[in-house]
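Here is a short tour of a protein chain for you to follow alongside the structure.

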Amino acid sequence: MTRILVTTDGSELGHAALAHAQALAGAAHAALTVLCVQADPAVLVGEFAYVPPVDPAEFAAQASALQTELQTLVPEARVRVEPAAGRTLVRAILDVAREENAALIVMSTHGRGGLGRALLGSVAEAVAHHAPVPVMLVRAGQTPAVWAATEPDRPAARHTPTA
């Protein structure tokens, strides 16, 4: 594995996947790219509501602040904050995964099922269905696993799940 792409929306839940991806990238000696796609408000709201125009300077300032925050959280990673530019969040994530030649996508999920998923949809589920590479989904509250790289002269460490 050479490159891992981890996504976040800038929220606490979105950031939950960062630690998992960092641990896995370190164990696999893989490069790490952190992606945050800035959604187009019109795409999110659709035809049922008025969306006031977004000030380009404000949009750029938000992107810059998020870039700085993510670079501080994951200093060893390449950070990309990108506008959706008319694409859905799913399409934007898949496009970047291809551009980055990612071998794995890591992202967090609410873990909603049933009616909640039907009403709100799931970016994570859509990415998992359409991604050209494996997708690792991290649920809220999961702690990162201890990944151990095996050295040729030493047996692999065993991971014991914690309760």
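The accessible surface of the protein chain comes to about 9700 Å², and carbon and sulfur atoms account for 58% of that area. Please keep in mind that this is a predicted model. Of its 163 residues, 33% count as buried.

**Overall layout**

- The protein chain has 6 helices and 5 strands, and along the sequence they follow the pattern β-α-β-α-α-β-α-β-α-α-β.
- Take the contacts between residues at least 6 apart in sequence: 75% of them join residues at least 24 apart.

**Helix H3, a helix with a buried face**

- Helix H3 covers residues 56-73, and its 18 residues should span 26 Å at 1.5 Å a residue; the end C-alpha atoms are 26 Å apart, which agrees.
- The buried residues of H3 are Ala63, Leu66 and Leu70.
- Looking down the axis of H3, you will find these buried residues within an arc of 70°, so they line one face of the helix.
- Those buried residues pack against helix H1 (12-28) and against strands E2 (31-38) and E3 (78-83).

**The nonpolar cores**

- As background, nonpolar side chains in soluble globular proteins tend to be buried together.
- The largest nonpolar core here has 22 residues, and the members that touch the most others are Ile4, Val6, Leu32, Val34, Leu70, Val81 and Val106.
- At least two residues of this core come from each of strand E1 (3-7), H1, E2, H3, E3, strand E4 (104-109) and strand E5 (135-139).
- H1 gives the most to this core, with 5 residues.
- A second, separate core holds 17 residues, including Leu5, Val90, Ile93 and Ala102.
- Val106 is worth a click: beyond its neighbours within four places in sequence, its contacts are Ile4, Leu5, Val6, Thr7, Ala17, Ala21, Met136 and Val138.

- Most residues other than glycine have a negative phi.
- His29 is not a glycine, yet its phi is positive, at about 55°.
- You can find His29 in the loop between H1 and E2, and at 69% relative accessibility it counts as exposed because the cut-off is over 50%.
- Asn101, also not a glycine, has a positive phi of about 55°.
- Asn101 sits in the loop between helix H4 (89-100) and E4, and with a relative accessible area of 58% Asn101 is exposed.

Technical notes: Residues numbered from 1 in each chain as written. Predicted model: local features only at pLDDT ≥ 70, side-chain atom pairs only at ≥ 80, totals over all residues. Heavy atoms only, no water. Helix = DSSP H or I, 4+ residues; strand = E, 2+ residues; numbered from the N terminus. Buried < 20%, exposed > 50% of the residue type's maximum accessible area, 1.4 Å probe, protein only. Contact = heavy atoms within 4.5 Å. Areas by Shrake-Rupley, 256 points an atom, 1.4 Å probe, with all protein chains shown as cover. Expected span 1.5 Å × (residues − 1). Arc of directions from axis to C-beta. Core = buried A, V, L, I, M, F, W, Y, C linked by side-chain atoms within 4.5 Å.
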